[in-house]
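The following questions and answers examine one structure. Please consult the sequence and the coordinates alongside each reply.

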Amino acid sequence: ATLQSEINLSDSYYEEEMTLLDNEMTRMDNRMNEVTEAILQSAYADAFRERMGDDFIERYEFYSQLNSPEIEALSEQANALVTEYKKLLTKEYTSMFGDEEVTLEDLQTVEITTHEELNLFYDAYYDIYKKKNAECAEIYRQLVQLRVEIAHTLGYDSYADYAYDNLGRDF
């Protein structure tokens with residue numbers, strides 16, 4: 001589903017599949033954490049630890065702090081924004097090159113022979129990116145706010161601290 005969605009961001013079937021899978025994985029991770037915690041608090045904790053091993057318990061203890069039912073709705077919103085952002089990155093924007101409406105792809109084929117044409121080229125090029133950046137920046141701003149809220153909800157001082165743990169980075 002990920003590959004199909006990334007190949008064609010306009011395919012609503014795979015977009016819906018990815019959204020469903022991302023959201024359900026978050027929920028499933030939370031339920032698994034709840035079950036693991038309940039077992040570790042039960043009379044069967046020693047048997048569970050012996051069966052699952054220290055590595056499993058260490059991973060659970062570390063990764064359980066990266067998710068919580070309290071952030072499920074925020075995670076869903078973030079997933080939706082990421083999908084919208086990706087669509088905007090591939091959206092075709094246009095501008096005017098003289099009297100002709102052009103895309104970035106059109107600009108790649110333009111033959112420039114005069115200084116005036118060069119100025120028109122740069123005007124069109126920057127106009128397209130100005131439009132694209134304005135739309136993308138708004139989504140990005142919302143995504144940053146959500147991610148900061150997620151990090152704070154989970155007890156992190158900053159999103160960077162959360163992201164380093166979430167991505168398993170130590171550099």
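Q: Which residues of helix 7 are buried?
A: The model is predicted, so local features need pLDDT of at least 70 and side-chain atom pairs pLDDT 80 or more, while totals for chains, interfaces and linings use all residues. Residues are numbered from 1 along each chain as its sequence is written, and side-chain values use heavy atoms, without hydrogens and water. Helices are DSSP runs (H or I, at least four residues; strands are E, at least two), numbered from the N terminus, and buried means under 20% relative accessible area (1.4 Å probe, protein chains only). In helix 7 the buried residues are Phe121, Ala124, Ile128, Lys132, Cys136, Ile139, Leu143, Leu146, Ile150 and Ala151.

Q: Against which elements do the buried residues of helix 7 pack?
A: Contact means heavy atoms within 4.5 Å. The partners of these buried residues are helix 5 (72-90), strand 1 (95-97), strand 2 (100-102), helix 6 (104-108) and helix 8 (159-166).

Q: How far apart are the end C-alpha atoms of helix 7?
A: The expected span of a helix is 1.5 Å times one less than its number of residues. Because helix 7 (residues 115-153) has 39 residues, it should span 57 Å. The separation of its end C-alpha atoms agrees with this, at 55 Å.

Q: Which residues lie closest to the centre of the largest pocket?
A: A pocket is an open set of points on a 1 Å grid over the protein atoms alone, where a 1.4 Å probe fits, with protein on both sides within 12 Å along at least five of seven lines; lining residues have an atom within 4 Å of a point. The largest pocket holds about 550 Å³ of space. Among its 18 lining residues, those closest to the centre are Thr26, Ser75, Asn79, Tyr162 and Asn166.

Q: Which residues does Ser75 contact, leaving aside neighbours within four places in sequence?
A: Ser75 belongs to helix 5. Ser75 is buried because its relative accessible area is 13%, under the 20% limit. Beyond those sequence neighbours, Ser75 contacts Thr26 and Ile150.

Q: Which helix supplies the largest share of the lining of the second largest pocket?
A: About 220 Å³ of space lies in this pocket, and Glu6, Met18, Asp22, Thr83 and Lys86 are nearest its centre among 13 lining residues. Helix 1 (2-7), helix 2 and helix 5 each give at least two residues to the lining. The largest share, five residues, comes from helix 5.

Terms used
Buried < 20%, exposed > 50% of the residue type's maximum accessible area, 1.4 Å probe, protein only. Points joined across faces, edges and corners; volume = space filled by probe spheres on them.
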